[in-house]
Amino acid sequence: MENGVYSENCITDFPPITYPTQVSLITGTYTGDFRKEPSHGIPLLNWMDRDVAPPILREYASKNLQIYKINEEMGNNCRTILEMVGDGNKASIAQFINRGSDYIFPERKTKLTMFYLFLKYFPSVKRRMIRSNSVIAQKLIEVFEKPKKFFDNSEAPIASSIWFMSSDLLMHKYGYDSYLYKLNLLHIDKVIGVLIENLERLGYLNETAIAITSDHGNYKANKIGNLNNFFKKNSLTNYHPLKNLRGNMDLAYYASVGFFYFKGINNSNIKNSWTRPTLKELENYGSKRINILEKLFKINGSHLMYYRDETNIYNKGTIHLKRKIKDTGKIITGKIEYEGIGKEYKTRYISEDNNTDIFNFTNDTMASRLLDNKFHSTQEWLEATYHLDYTMHPDLIPRHLKNPRSADIILCNDETIKFGIHHGKQKSNNLYDHDIGLRKCMAVPLIIGGSLEIPKKEIPYCKITDIVPTLLKLLGKRPHESVMGESLL
Ligand SMILES: [Zn+2]
């Protein structure tokens with residue numbers, strides 16, 4: 001850190017969940033309408049694909065290897081850093097997002113998934129976690145030491161990506177404040193030291209840049225909630241592809257941010273197809289004729305709601321915002337408008353309340369300046385909100401909702417309660433999570449060190465998508481047109 005570039009305020013993506021954040025990190029772009037604009041196609045860890053009939057439920061952390069679809073589902077309007085660095089050997093160690101790599105560890109798909117599940121479901125033994133970190137670093141050292149064993153020539157890799165997944169798994173299970181979690185971070189630091197020592201011994205360190213970051217931070221909820229009564233009372237049933245395709249909604253993912261998909265009234269004659277509901281349908285939904293846009297605020301702890309306007313297209317549209325004020329229960333409204341794509345993309349954030357606003361930017365001198373009824377760029381939002389909760393939300397929320405795979409309604413809780421729901425099923429009972437837009441989940445550290453060519457400087461704030469263009473610049477390469485970040489050098 002002291003010999004390179006570093007920042008304590010590298011702002012990750014929304015939602016700050018492993019996917020999409022890692023895809024944004026590795027491609028240097030954000031999600032969006034991946035069919036039509038520079039962006040990647042991964043909105044969430046779990047999502048529903050309504051483009052096919054019957055709809056498909058995606059769950060990247062499932063045991064049936066769905067994670068392997070991620071490289072294809074990112075789409076063709078983005079590139080991984082390994083695809084952008086050009087000719088040369090490229091290695092990907094324990095990282096599922098590995099398009100463009102010549103060597104992938106573990107070699108067989110099932111092995112990587114087994115490795116992941118092994119850690120996830122049996123992380124109780126300290127030795128096991130230590131071993132997983134060591135295996136990852138040792139494998140990369142071996143790739144440098146004996147390239148001929150892994151590639152079809154004897155050149156060392158020009159770019160490699162590695163993922164230490166142990167920290168996330170231990171954080172969920174034992175907490176970020178646990179002894180085991182802290183011990184594991186120290187151990188990751190130690191194996192990075194071993195990696196650096198070996199790169200030096202092999203003579204590669206002087207021409208190497210090493211970027212170290214995290215995909216998200218974390219928080220702790222007070223309790224786990226249950227929504228069974230809420231669903232029953234409102235005649236909402238979760239879609240089930242194996243049980244006669246029943247259900248009128250899909251609650252794809254809900255820790256403290258709920259991603260709700262609803263079944264619109266279908267006028268097409270394609271059997272079992274789902275359409276996106278109109279706002280009118282959502283206001284008068286199901287057999288009980290409930291107003292979803294109000295009713296969801298009855299869920300314990302919920303206070304923010306985001307949904308798209310029906311007229312939205314990929315390069316122009318409006319996102320509707322609501323906030324329930326905790327003490328009074330009063331609902332205030334606002335909106336985000338977006339226009340343009342790629343580097344021309346800008347957003348305007350409007351409060352429809354005179355005293356306050358949805359993300360509470362009004363009280364901050366820097367952020368309140370952007371509530372000026374004008375369109376602002378990604379960089380402007382970063383500069384004005386990196387130090388706040390709901391960091392960059394006026395920029396990131398529309399990007400997320402432009403992806404046709406994202407939900408109809410996003411419901412955000414305060415940090416008091418979480419639900420642990422995956423496609424309607426209560427799955428997780430861990431109080432530790434990271435999906436809400438609070439600063440402690442969105443701001444992560446970034447270190448780029450290694451070669452002495454890297455300037456020494458502290459960057460006050462940056463974004464997760466800046467890493468790819470910075471590394472490419474050090475290599476003398478130009479980023480693909482889809483890259484939304486900027487070089488930090
Ligand atoms: Zn996690």
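Modeller: Helices here are DSSP runs of H or I with at least four residues and strands are DSSP runs of E with at least two, numbered from the N terminus. By that rule, F419 sits in the loop between β17 (417-418) and β18 (421-422). This is a predicted model, where local features need pLDDT of at least 70, side-chain atom pairs count only at pLDDT 80 or more, and totals for chains, interfaces and linings use all residues. Residues are numbered from 1 along each chain as its sequence is written.

Colleague: Happy to start there. Is F419 buried or exposed?

Modeller: A residue is buried if 20 or more other C-beta atoms lie within 10 Å of its own, exposed if 12 or fewer, and partly exposed in between, with C-beta atoms placed from the backbone. F419 has 25 other C-beta atoms within 10 Å, so F419 is buried.

Colleague: And which residues is F419 in contact with?

Modeller: Contact means that the C-beta atoms of two residues, placed from the backbone, lie within 7 Å. Leaving aside neighbours within four places in sequence, F419 is in contact with I224, G225, L227, Y254 and A255. L245, 174 residues away along the chain, has its C-alpha atom 24 Å from that of F419.

Colleague: Let me step back to the whole protein. How many helices and strands are there?

Modeller: The protein has 15 helices and 23 strands. Its C-alpha atoms fill a box of roughly 70 × 50 × 45 Å along the principal axes. Of the 489 residues, 45% are buried. Among contacts between residues at least 6 apart in sequence, 66% join residues at least 24 apart.

Colleague: What does the radius of gyration say?

Modeller: The radius of gyration is taken over C-alpha atoms, and the globule rule is 2.2 Å times the number of residues to the power 0.38. For 489 residues a compact globule would come out near 23 Å, and the protein has 22 Å, which agrees.

Colleague: Why is helix α13 largely enclosed by the rest of the structure?

Modeller: Helix α13 (residues 393-402) is largely enclosed because ten of its ten residues are buried. Among them are H393, D395, R399 and K402. The buried residues of α13 pack against four strands and a helix that you can find in the model: β12 (302-308), β13 (316-324), β14 (331-339), β15 (346-351) and α12 (378-385).

Colleague: How do I read a pair of packed helices?

Modeller: Two packed helices are described by the angle between their axes and the distance between the axes. Axes are lines fitted to C-alpha atoms, for helices over the stretch in contact, and angles run from 0 to 180 degrees between N-to-C directions. Take helix α6 (residues 166-174) and helix α7 (residues 179-201): their axes come within 9 Å and cross at roughly 170°. α6 and α7 are therefore roughly antiparallel to each other (under 35 degrees counts as roughly parallel, over 145 as roughly antiparallel, 65 to 115 as roughly perpendicular and the rest as oblique). S166, S167, L170, M171 and Y174 of α6 make the contact with L180, Y181, N184, L185 and I188 of α7.

Colleague: Now a sheet, please. In what order do the three strands of the open sheet stand?

Modeller: Strands pair if DSSP finds at least two bridges between them. The three strands of this open sheet run in the order β5-β4-β6, with parallel pairing. β5 (103-105) and β6 are at the edges with a single partner strand each, so one side of each is left without a neighbour in the sheet. From one strand to the next, the twist averages 10°. Strand β4 (residues 90-93) and β6 pair over four bridges, and I93 stands opposite I162 in β6.

Colleague: Which residue has a positive phi of about 65°?

Modeller: That is N272, although it is not a glycine. N272 is exposed, with 11 other C-beta atoms within 10 Å. Y390 has a positive phi of about 60° and lies in the loop between α12 and α13. Y390 counts as buried, with 22 C-beta neighbours inside 10 Å.
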